[in-house]
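Subject: Structure handover and notes

Dear colleague,

I am passing on the structure we spoke about, and I would be grateful if you could read the notes below with the model open beside them.

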Amino acid sequence: MDDTIAAISTSSGVGAISIIRVSGKDSIQIVNKIFKGKNLNNVKTHTINYGYIVEKEKKIDEVLVTVMKAPKTFTAEDTVEINCHGGIITTKKILELLILNGCRLAEPGEFTKRAYLNERIDLLEAEAVMDIINSKTEKSLSLAINQLSGNTSNLINKLKEKELKILSNIEVNIDYPEYEDIEVLTNDKILPKLEEIKEEMKDIIKNSEEGKLIKEGINTAIIGRPNVGKSSLLNLLLEEEKAIVTDIEGTTRDIIEGKIVLNGIILNILDTAGIRKTDNIVEEIGVKKSIELIDKSDLILFVLNNNEQLTEEEMNIMEKVKEKKYITIINKCDLENKLEIEKLNLKNIIYMSTLNKEGIIELKNKIIEIYDLEEIENNDMTYLNNARSIALLKESLNLVENAIKNIKNAFPIDIVEIDIKESCTKLNEILGENYNENLLNELFSNFCLGK
Ligand SMILES: Nc1nc2c(ncn2[C@@H]2O[C@H](COP(=O)(O)OP(=O)(O)OP(=O)(O)O)[C@@H](O)[C@H]2O)c(=O)[nH]1
Ligand SMILES: [Mg+2]
């Protein structure tokens with residue numbers, strides 16, 4: 001971290017303004033070498049300075065240069081931001097000059113990584129920076145901002161403090177064994193505390209499902225036999241003619257995607273090939289994909305035709321669908337009823353006619369009901385929401401459960417202590433303390449350049 005890094009922080013392409021960001025101990029001095037205006041080495045911190053970027057004596061661009069001295073900066077290092085006119089050529093030229101004068105091109109996410117390594121933010125907060133950039137709905141943005149402001153970290157910190165208290169209690173007992181009945185006393189004391197931690201962890205893990213929902217949306221697959229109206233349903237939901245609809249069985253071959261927002265949550269909707277036995281190679285591949293998608297999706301919209309009797313094929317699909325969250329859609333209700341619905345033993349039935357655009361409100365309300373989306377509206381948006389932290393918390397919970405089991409089996413206290421210590425280490429990892437170097441690099445490499 002001794003070197004000074006630079007990158008273009010605005011998106012590439014033509015814009016009114018581009019920002020080039022420089023961070024590191026030599027940043028002010030390096031920018032000053034190519035700046036014509038005030039001497040930047042002498043300006044106050046957090047000031048904006050007007051001037052020109054020059055190559056030798058030649059003016060490259062008219063700029064505003066923001067000088068921010070450590071530690072009150074994003075990276076906690078001396079930082080300079082150059083606001084220039086937004087052309088691609090000028091922006092790249094300025095970056096090139098910075099590199100010629102001693103900067104190194106930043107890696108993706110390196111500014112945020114420095115903020116983390118300089119302990120200005122923890123790992124959860126660093127991940128939130130990326131979530132803010134990638135947010136697709138207002139809800140996922142609030143979730144990320146909440147995480148950046150440290151609320152999610154507080155959840156973990158509180159658990160950690162509780163475990164540390166127990167650990168110090170154990171240490172005292174181990175260090176002063178002269179007291180009688182010390183083992184029993186300790187176990188009685190720490191068991192309820194561990195139980196409390198366990199319940200809190202379980203709650204956080206349960207709520208993280210909601211966090212994942214807000215961040216990633218609901219992957220929804222429209223599944224059914226050919227010609228039941230799956231593509232018609234997709235088009236109705238998207239309010240556009242995205243998928244081809246014909247009365248020929250096997251019209252859809254590839255998966256067709258669309259997105260809608262429901263109560264602030266994204267629904268990623270996938271229309272699939274109708275499932276049936278077929279000799280057509282292309283269609284067969286489509287059918288295989290549809291079946292695989294049942295497993296991969298969060299929610300299945302299982303479409304049946306009101307005008308036809310149930311087929312054996314549908315019975316088979318039904319068994320698979322029943323293992324998932326699903327909604328049964330009886331389509332073509334404008335036609336005569338031939339489907340024996342009572343025999344189906346399926347839940348969440350919605351009657352529709354996609355042709356007449358009927359039943360769509362009922363369907364949306366059902367999804368809102370199943371996912372409790374009205375409720376999400378009122379929650380405080382403090383969730384763990386990425387796979388990394390959720391997995392670590394689950395490991396941490398396992399260790400607490402193990403400690404509880406060992407206490408109940410009257411194991412020596414120093415054995416119990418090992419699990420609690422280990423559980424605490426996992427919590428530390430969530431916050432990014434003692435985090436493995438390779439994993440860190442992997443994590444930050446998913447960031448944008450210049451962030
Ligand atoms: N009467 C009536 N016809 C419908 C309804 N929904 C769809 N159809 C018709 O049913 C036929 C098949 O519709 P699609 O939406 O292409 O069906 P699909 O399930 O996507 O079919 P595949 O792609 O072949 O699997 C078309 O002729 C539609 O116009 C409905 O509610 N009522
Ligand atoms: Mg189709």
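What follows is an account of the domains, the ligand shell, the core, the strands and a few individual residues.

This is a predicted model, in which local features need pLDDT of at least 70 and side-chain atom pairs count only at pLDDT 80 or more, while totals for chains, interfaces and linings use all residues. Residues are numbered from 1 along each chain as its sequence is written, and chains are lettered from A and ligands numbered from 1 in the order in which they are written.

**Domains and ligand**

The domain assignment (bounds of this kind come from an automatic or database assignment) divides the protein into domain 1 (5-121), domain 2 (126-213 + 386-432) and domain 3 (219-377). Taken over C-alpha atoms, the centres of domain 1 and domain 2 are 41 Å apart.

Ligand 1 is surrounded by 24 residues, the closest being Gly-229, Ser-231, Thr-252, Gly-274 and Leu-355; a residue is near a molecule if its C-beta atom, placed from the backbone, lies within 6 Å of it. The shell consists of six nonpolar, 13 polar and five charged residues, where Ala, Val, Leu, Ile, Met, Phe, Trp, Tyr, Cys and Pro count as nonpolar, Asp, Glu, Lys and Arg as charged, and the others, Gly among them, as polar. Helix H8 (residues 230-238) gives the most to this shell, with three residues; helices (H or I, at least four residues) and strands (E, at least two) are DSSP runs, numbered from the N terminus.

**The largest nonpolar core**

A nonpolar core is a set of buried Ala, Val, Leu, Ile, Met, Phe, Trp, Tyr and Cys residues joined through C-beta atoms within 7 Å, and a residue is buried if 20 or more other C-beta atoms, placed from the backbone, lie within 10 Å of its own, exposed if 12 or fewer, and partly exposed in between. The largest such core has 97 residues, of which Phe-302 and Ile-329 touch the most other members. Helix H7 (residues 182-216) supplies the largest share of this core, seven residues. Contact is counted when two C-beta atoms, placed from the backbone, lie within 7 Å, and, leaving aside neighbours within four places in sequence, the contacts of Ile-329 include Leu-233, Phe-302, Ile-350 and Leu-363.

**Strands**

Two strands are taken to pair if DSSP finds at least two bridges between them. In strand S10 (residues 265-271) six of the seven residues are buried, so the strand is largely enclosed by the rest of the structure. Strand S8 (residues 218-224) pairs with S10 in the parallel sense over five bridges, and Ala-221 has Leu-270 of S10 as its bridge partner. Strand S9 (residues 256-262) runs antiparallel to S10 and is joined to it by seven bridges, with Ile-256 opposite Asp-271. S9 and S10 form a hairpin with two residues between them, and Asn-263 in the turn has a positive phi of about 45 degrees.

Elsewhere, seven strands make up an open sheet of mixed pairing, in the order S3-S4-S5-S6-S2-S1-S7. Its edge strands, each pairing on one side only, are S3 (35-37) and S7 (104-105). Both faces of strand S1 (residues 5-8) are covered, with Ile-5 and Ala-7 on one side and Ala-6 and Ile-8 on the other all buried. S1 pairs with strand S2 (residues 17-23) in the antiparallel sense over four bridges, and with S7 in the parallel sense over two bridges.

**Individual residues**

Ile-368, found in helix H11 (residues 360-370), counts as partly exposed with 16 C-beta neighbours inside 10 Å. Not counting residues up to four places away in sequence, Ile-368 touches Leu-262, Asn-263, Leu-373 and Glu-374.

The peptide bond from Ala-70 to Pro-71 is cis, with omega near 5 degrees, and Pro-71 lies in the loop between strand S5 (58-68) and strand S6 (79-85). Lys-357, in the loop between strand S13 (349-351) and H11, has a positive phi near 55 degrees although the residue is not glycine, and Lys-357 is exposed, with 12 other C-beta atoms within 10 Å.

With best regards
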